[in-house]
Amino acid sequence: MLTIGCHLSCSKGYLNMAQVAHSLGANTFQFFTRNPRGGKAKDINPADIAAFKEYCDGEAQIKTFLAHAPYTLNFCAAKPSVRKFAIDTLTDDMMRMENTPGQMYNIHPGSHVGQGPETGIDLIADAINQVLTKDQSTMLLLETMAGKGSEVGRTFQEIQAIIKRVEVQEKIGVCLDTCHVWEGGYDIKNDLDGVVEEFDKIIGLNRLHAIHLNDSKNDISAHKDRHEAIGLGHIGFEALSAVTNHPALKHLPFYLETPHDKVSEYADEIKMLRDAHCD
């Protein structure tokens, strides 16, 4: 069965997110751990967590979800205060994730802001090494990026360079974003097999734990990071459906981050992709 969901608000708690996901026909979901622009996270309610687990194990049959770090975190910032904020937030979030053991947490690697990719890679890995421990059950994912500005992580080589510097190897993985890799220059529309093979050769498919499934408002290699609804962008429905059906990818959870005015609009995309999925 296709494991697919969308991005939801956590403002009303974990149980509410699971209920909304289930109502949309989803069997997973993604959420920001706190305001996407940063700030203090809402206190976790133990009763909500207990009800959430019971609902997921029962009616909803939700086995996995993906937490997303705020956009404001920059693990390779030139300013020490900005970098400290990112490390402190990641530390807090990874501790909070242990309330729901065995899940995944996604980060944007960061922007080197003129320091150069190599320095950025070293700083990102150092930040992760300050936070990640063997005792944690959460898998930390590095997201593939579009290459906007001085973003680190546009190429598979840059992602792998970070990974190989991480000390707790068993807790580090990758979330591939279809819009990002397309705008980063990887032709998943006309050469999906080739892109998958390149990912496996450079990073290893064993590192790939989740996929952000998004169309793109821009053509390949635009480096702008502009998501579009499924089938309305330059990648197109056929190519994105092929991603969910690829033998090396179809077992992974897929998360829609497509632009919609209402959460309910995700239901059509989920159904459309499910109908085209070959179990």
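E197 lies in helix α7, which spans residues 192–202, where helices (H or I, at least four residues) and strands (E, at least two) are DSSP runs numbered from the N terminus. With a relative accessible area of 54%, E197 is exposed; here buried means under 20% relative accessible area, exposed over 50%, and partly exposed in between, computed with a 1.4 Å probe and protein chains only. This is a predicted model, in which local features need pLDDT of at least 70 and side-chain atom pairs count only at pLDDT 80 or more, while totals for chains, interfaces and linings use all residues. Residues are numbered from 1 along each chain as its sequence is written, and side-chain values use heavy atoms, with hydrogens and water left out.

**A charged patch on the surface**

- Together with D191, D193 and D200, the residue E197 forms a negative surface patch.
- Such patches are made of residues with over 30% relative accessible area and no salt bridge, with like charges joined within 9 Å and nonpolar side chains (Val, Leu, Ile, Met, Phe, Trp, Tyr) within 5 Å.

**Salt bridges**

- A search of the whole structure finds nine salt bridges, a salt bridge being a side-chain nitrogen of Lys or Arg within 4 Å of a carboxyl oxygen of Asp or Glu.
- One of them joins the side chains of D92 and R34, with 2.8 Å from N to O. This pair links distant parts of the chain, since D92 belongs to helix α3 (residues 80–97) and R34 to the loop between β2 (30–32) and α2 (46–60), 58 residues apart.
- Another salt bridge is made by the side chains of K217 and E228, at 3.1 Å from N to O. Because K217 lies in the loop between β8 and β9 while E228 lies in strand β9, this pair ties together parts that are 11 residues apart in sequence.
- In this second pair, K217 is partly exposed, with a relative accessible area of 34%, and E228 counts as buried at 15%.
- The side chains of K271 and D275 also meet in a salt bridge, at 2.8 Å from N to O. These residues are four apart in helix α9 (residues 266–275), so they are separated by about one helical turn, and D275 is exposed with a relative accessible area of 56%.
- Salt bridges that share partners join R34, D92 and D93 into one network.

**Polar contacts of buried residues**

- H7 is found in strand β1, residues 3–8, and is buried, with a relative accessible area of 18%.
- The side chain of H7 makes a polar contact with the side chain of Q30 at 2.7 Å; a polar contact is a pair of N or O atoms within 3.5 Å, where within protein one atom must be able to donate a hydrogen and the other to accept it, and residues adjacent in sequence count only if both atoms are side-chain atoms.
- T144 sits in the loop between β5 (139–143) and α5 (156–163), and at 1% relative accessibility T144 counts as buried.

**Positive phi angles in one loop**

- S221 has a positive phi of about 70° although it is not a glycine, and S221 is found in the loop between β8 (215–216) and β9 (227–228).
- D225, likewise placed in the loop between β8 and β9, has a positive phi of about 60° although it is not a glycine.
- As for accessibility, S221 counts as partly exposed at 37%, whereas D225 counts as buried at 18%.

**Buried strand residues and their C-alpha distances**

- I4 lies in strand β1 and is buried, with a relative accessible area of 0%. The C-alpha atoms of I4 and G25, which are 21 residues apart along the chain, are separated by 8.6 Å.
- L142 lies in strand β5 and counts as buried at 0% relative accessibility. Between the C-alpha atoms of L142 and Q160, which are 18 residues apart along the chain, the separation is 9.7 Å.

Methods. Accessible areas come from the Shrake-Rupley method with a 1.4 Å probe; for residues, only the protein chains shown count as cover. Lys and Arg count as positive and Asp and Glu as negative; His and the chain ends are not counted. The place of a charge is taken as NZ of Lys, CZ of Arg, CG of Asp or CD of Glu.
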